[in-house]
Amino acid sequence: MSGSVLVGLDGTGHSVAAVRWGAEEAAARGLRLHLLHSWTSQPLNLTIAQEAENKKRFGSGALASAEAMALELHPDISVATEQVSEHAVDALVDRSGQAAMMVLGSRGHGAIAGFLLGSVSLHVLGRAECPAITVREEEVIAYGRPEVVVGVQEPGTPGEAVLEFAFAAAEAHHSSVRAVRAWEPPGARGHVPIAPAHPPEEDPSAVAEEKKLAGILAPWRAKFPGVNVVEQVQRGRVAPVLLGACSQASLLVVGRRMERGTMLLGPIVFAVLHHSSCPVAVVPRI
């Protein structure tokens, strides 16, 4: 994997988990850590004067503290810091084209909806050219957990970037991959059946979905032979199934379309960002 691990920080507590996660990724993958701060996009509640020089001084201090934290955790990584006058969204999106991944902090479960709506993170997640990981401020490095969960919904090339990222993350952190495919029988949405026509283990639709998932995963098992893979096919809507699967995961990996018009993120991505119990990687796909 080429490029750097790009971390956007605003100098508040939301940045701490992002810096820690970014440093861990840089160390595990042998990449440079790139810390970026926009002095023109600092939070309004910072107790500093509004003059430009004071904002720049605050930004320099935030970057220095973040660099020191990263090097304390992983002394052997290479760290670059950058303070910009561009708006944070523009700067992060621009640099995402050369980054291997991006890490962003958020406020946590209680406020994440308000944080994402109309915020820097929402717009960056919807426009970034590289995978973008959101980490809540109360989360610590979670790769001690055993699994990377990835949603597998579309066979073929559209999902390849998503699976590539999930398998590479599992390999770098010595984790398993739980590949999850949700399915609903035709006409099942909004319908509550009285009794299934077949027991779950004999449902021919479920068997077909299992075969489809196995076929999608076969080349990735071959490419990453050291990664243990758990295949999970579950009847239900995509977002609830993924959220149930990631309750003990290190990371949840989902894909988004590169072009969504005025809607930057689809409803499944937004739902998992809102409710996931672990960090979420949003991977752009064709």
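**Aromatic residues and the sheet**

Colleague: Is F224 buried or exposed?

Modeller: In this predicted model, F224 counts as buried because its relative accessibility is 5%, which falls under the 20% cut-off.

Colleague: How many aromatic pairs does the structure hold?

Modeller: There are two aromatic pairs. In one of them, F167 and F224 are tilted, with 5.6 Å from centre to centre and 35° between the planes. This pair links distant parts of the chain: F167 belongs to helix α6 (residues 160-172), whereas F224 lies in the loop between α7 (204-223) and β8 (229-235), 57 residues apart.

Colleague: And F167, buried or exposed?

Modeller: F167 counts as buried, because its relative accessibility is 0%.

Colleague: Which residues do the ring pairs link into a cluster?

Modeller: The cluster consists of F167, W220 and F224.

Colleague: What sits over the ring of F165?

Modeller: The charged end of R29 does, 5.3 Å from the ring centre.

Colleague: Let us change topic. In what order do the strands of the sheet come?

Modeller: The sheet is open and has 10 strands, in the order β3-β2-β1-β4-β5-β10-β9-β6-β7-β8, with mixed pairing. β3 (79-84) and β8 stand at the edges; each has a single partner strand, so one side of each lacks a neighbour in the sheet. On average, neighbouring strands are turned by 25° against each other, direction ignored.

Colleague: Which helices pack on the sheet?

Modeller: Helix α1 (residues 14-29) is one of them, touching β1 (4-8), β2 (32-38), β4 (101-106), β5 (132-136) and β9, and its direction makes about 155° with that of β4. Helix α2 (residues 52-73) also packs on the sheet, touching β2 and β3, and its direction makes about 165° with that of β3.

Colleague: What about β6: how many of its residues are buried?

Modeller: Five of the five residues in β6 (residues 147-151) are buried. E147, V149 and G151 point one way from the strand, while V148 and V150 point the other way.

Colleague: Which strands does β6 pair with?

Modeller: β6 runs parallel to β7 (residues 176-183), joined by five bridges, and it pairs in the parallel sense with β9 (residues 249-257) over four bridges. V150 stands opposite A179 in β7, and its bridge partner in β9 is V253.

Colleague: How many bridges join β9 to β10?

Modeller: Six bridges join β9 to β10 (residues 280-285), and the two strands run parallel. Here V254 stands opposite V282 in β10.

Definitions and conventions. Residues are numbered from 1 along each chain as its sequence is written. This is a predicted model: local features need pLDDT of at least 70, side-chain atom pairs count only at pLDDT 80 or more; totals for chains, interfaces and linings use all residues. Side-chain values use heavy atoms; hydrogens and water are left out. Rings of Phe, Tyr and Trp (its six-membered ring) pair if their centres lie within 6.5 Å; planes under 30 degrees apart count as stacked, over 60 as edge-to-face and the rest as tilted. Buried means under 20% relative accessible area, exposed over 50%, partly exposed in between (1.4 Å probe, protein chains only). A charge sits over a ring if NZ of Lys or CZ of Arg is within 6 Å of the ring centre and within 35 degrees of the ring normal. Two strands pair if DSSP finds at least two bridges between them. Axes are lines fitted to C-alpha atoms, for helices over the stretch in contact, and angles run from 0 to 180 degrees between N-to-C directions. Contact means heavy atoms within 4.5 Å.
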